[in-house]
Each structure stands twice: as C-alpha cells, then as structure tokens.
Amino acid sequence: MRLFLTLVLLSLTACQSSSDGAGGDTGIRHLTVLYSNDEHGWMEGREPGRGAGDLLGLWREKEGYSEEGPFLLLSGGDHWTGPAISTWFEGESMVEVMNAMGYDATAIGNHEFDFGLDNLEARIAQASFPYLGANIRWKASDTIPSELGIAASTISEVNDVSIAIIGLSTINTPSTTNPINIVDLNFLDYEPVLRNAVAQLRQESPDLIFVVAHVCMAALRPLALAVADLDISLMGGGHCNELVAERAGETILLESNGNFRSYARAQFEYDLGSRRLLSSSFSIEQNEGGAADAPVQRLIAKWRSETEAQLSGVLGFSSREYPANDERLQRAVVESWLRLDNSADIAINNRLALRAPLPSGRLTLADVVGVLPFENTVVAVELSGAEILQLIAQGQRPFVAGLIRTENDWRLRGSGRLIDTAETYRVLINSFMYEGGAGYDAIAEFDANGFDTAIHYRQPLVDWLIEQDSSADRPLSLP
Ligand SMILES: [Zn+2]
C-alpha cells in the first residue's frame, strides 16, 4: 500500500512538473532553448523597442517563458563592450540586466577580456549564471582559470531533464581583444577539448549535451560534423553576428545576429522513460512587438541616468577651442585608436567624422560626444600598401596615423620604411567607412572580413583625455 501511494504521488508530481501539456504520457518532457549572442551592451536596443526589456517581454508573451518553466536561456558571449551605458561601467550594468532576464549559461566571448582579467573575475562573480570556456588555459599551469570563476561546463536540470552545457571561446581571442589582457592564457583547439569534456560529463549521465560557443559558423559547422559521434544535440555560436538555425548532422546550430535584434530558438521533446530525444525543431525570431518587461526597463533606466551623470563628469581642461577640422584634434582621434590596438600599423578616419569643436574650458564627456556624435565602432581591416595609398589619396583626404608623409611618398612611422604596395597592413577605420560611408565602398571589397572591435570610436579619445590629467593650471595641449 505504501509503495502504491508513493507511486501515485510520484506520477502526480511528474504530471505537475510536466507543465507543457505533454498529456497523459508523464515520461515526455519539453524544453525550449532561447538563444542570443554578441549582445554587446545594447540593453536599450539599437533601434527603439528592440532592447533587453522588450526581448524578455516578448519571450513571456510569445514563448510563454517563465523562470520556473521548461526553458533554458543561453548566450554565445560578447556581452558588454559597446555603447556607453555598458562600456563605461565595464559590463556591470549588462550583467545586472542579464541576471534579471534569467540567463542560465553563457560562452565567454573575446570581448569579455576587454577590461582585463580582474574585471572579468568581478563580472563572473556578479553573474547568477556561469561563464563557460572549456578551452581556456593558464599558460603556466595548463589548467582552466577557475580562480577567475571560469568553468568548462555546467549541468542544468530543466523539467526533470538534465542538460550538460559546455562552453568554448574563439581561438582568435588573442587577436580580437587587447593582447595585454590575455598574455597569460592559451585558447586550445575545439575538438580535443570537446571530446575530453564530453567523456568526463558522461560520468554524470546527462540526458542531453549542449555546447555554447563564441565561435563563427565557418568553424562551428565542421566541428559539429567532426564530433557527430558525441551526440551533441545543440551547438550555439557567436562572434560573427550570423543568423543561423539549421542542422549539421543530428546537431542543431543556432546563432542570432547580435545586439538583441533577434534570437534563435530550439525546442526538444525528450522521453525520460527510454532516455531518448524524440524530436527537435529550430527557428530564428525577431525581437519585435514585445511589451517591455517592467523590472528590466527600470534597471535600464537606472543605468541610463548613471550614464547621464557620467556624461557630465569632467575629463580635463582646455585653454583654447579646437575646431572640428583642426589637424591636431583630428590627429588626436586617430592616434588614440592606434594606442587602443597596438597590433595595428595605421589608423584612418574620414575627414568629416568630427562634427563639433572641442571647446575651451572644462571638458566633459558630453563635449566629446559632440565632437564624435555617431554610434560608430572601430573596425580592423587587412589592406595592402597599394589599397591604403588609394584610400588616402581619394576624395576628401582622410586623417591618418601611423604613416608619415615625405616629399613624394608615405613611410611607416614605426619602421621608417616606405609603404610596400604588395605588403599587407592592419588598419583601423570607423564602422561608417567600412559600411561604405563617405564613398569608401572599396574597403569592404578589399577586405570582406573586417573585424569590428565593438569599441566605440570615441572611447579611445576619452581614455586619452583622462590620461592627460589636464586642469586649469595645466591645460590640455594637443601635439
Ligand atoms: Zn566576439
């Protein structure tokens, strides 16, 4: 009798926890994965109505999402480098928002390293979800940097289904964040790491295995096929801002294009009895039409007013005004970009990129926003010497750092050598130019794989102005 009662209670519990309308078959469980990547601090949305609060509202309305429901919220990484509301707080605001949204796990993006390892450690400690990077190692000890809070994997229990989630970070991280920040770390090849991680996790007998990877589809697709024997049900990507919902063999691949503009979804039907995945499906959805979640909107409003307070903060003091077309002011901008990325040889900014004078007197962030008002980022491209010469001779001559004009030719400032028309150089430009603005259509043809650093084009100048530590007694002097 006691056994019978227990069985009845167990099956009642199973019915209740099967909150997805699985009908009489209490062994069938449903699970929905909602996936984003490359959020890049755009909690307010790149366009109105497409921010983090709108997305959570949409998830509640359209997907039936609730914290207790059969859902996993996963991210492919690159959370915080972006607009001031996130960058000026080194990601603290973004992690607070993602905590409130209820994320369950994330990959570690290259930009998670942008503000140094101490900051990454603080952000991971702040997050209520794990940051996963199974292929990250200390160079010295060949161990996972668990001191920073980084883990290889996690196991989530959702609707009685246990899901092992493994994280991967792009092996290109050393060239896509400030190299100083990751000098002590190695980023290992994906496949052996993944095989190792899955072998260890099998000891925990998970029902499903998922991967969150800050890895572009060009690498993730072949990886999924190469490890088809590992029975990985889902691999989420990131880093290249692609829109992907497809199958590679038996594995679902997902990627949303970033900035909270859209999300990817996968749904699974699992039989606890036979321990088999019965079916799965996937799609891409736009972040449009959701009624914003009020608590998340309040958080964002709080960080918006903090940002405004920062905007009125004093950065320095100038005893004179520098017009927008002043050579010294223009040079200060491109030179600040080169300081940001010392692997670049040259920086080029279009002539009309500066829109207001840098005033005399106290200098605030609001003044710098006036000088460089657009939502542009710094983009790194690989160009030949011949292509560079073509760009700097074209139309309204742009402002250039890293090259010195001699009588008839251009020399590299670093080496003093003539620019070699056949050699390739790393060049920093702004995203407006890369998109073909101001007649620069040729740049994207020269290098179709330009790398968006996600760093706002104004931020390096702001950092440089603060470093100058100028005051009324010691006013700024642009060289
Ligand atoms: Zn990335």
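Which strands does helix α12 (residues 385-393) lie across, and at about what angle does α12 run to β18? In this predicted model, helix α12 lies across β16, β18, β19 and β22, and its direction makes an angle of about 125 degrees with that of β18. The views below take up the sheet, its strand pairings, a helix contact and the domains.

**View 1. An open sheet of 5 strands with mixed pairing.** The strands follow one another in the order β19-β16-β22-β18-β23. At the edges are β19 (399-401) and β23, each of which pairs on one side only, and from one strand to the next the twist averages 25 degrees.

**View 2. The parallel pairing of β16 with β22.** Here 2 bridges join strand β16 (residues 346-349) to strand β22 (residues 424-430), and the two strands run parallel. Isoleucine 346 has valine 427 as its bridge partner in β22. In general, strands of a sheet pair through backbone hydrogen bonds, in either a parallel or an antiparallel manner.

**View 3. The crossing of helices α10 and α15.** The axes of helix α10 (residues 327-340) and helix α15 (residues 459-468) come within 8 Å and cross at roughly 95 degrees, an angle that makes α10 roughly perpendicular to α15. On the α10 side the contact is made by Ala332, Val333, Ser336, Trp337, Arg339 and Leu340, while α15 contributes Pro460, Leu461 and Trp464. By residue class, the contact of α10 with α15 divides into 7 nonpolar, 1 polar and 1 charged.

**View 4. Domain 1 and domain 2 and the contact between them.** The domain assignment gives domain 1 as residues 26-305 and domain 2 as residues 314-468, and the centres of the two domains, taken over C-alpha atoms, are separated by 33 Å. The contact takes 10 residues from domain 1 and 7 residues from domain 2. On the side of domain 1 that touches domain 2, the residues divide into 2 nonpolar, 7 polar and 1 charged.

Technical notes
Residues are numbered from 1 along each chain as its sequence is written. This is a predicted model: local features need pLDDT of at least 70, side-chain atom pairs count only at pLDDT 80 or more; totals for chains, interfaces and linings use all residues. Axes are lines fitted to C-alpha atoms, for helices over the stretch in contact, and angles run from 0 to 180 degrees between N-to-C directions. Helices (H or I, at least four residues) and strands (E, at least two) are DSSP runs, numbered from the N terminus. Angles under 35 degrees count as roughly parallel, over 145 as roughly antiparallel, 65 to 115 as roughly perpendicular and the rest as oblique. Two residues are in contact if their C-beta atoms, placed from the backbone, lie within 7 Å. Ala, Val, Leu, Ile, Met, Phe, Trp, Tyr, Cys and Pro count as nonpolar, Asp, Glu, Lys and Arg as charged, and the others, Gly among them, as polar. Domain bounds come from an automatic or database domain assignment. Two strands pair if DSSP finds at least two bridges between them.
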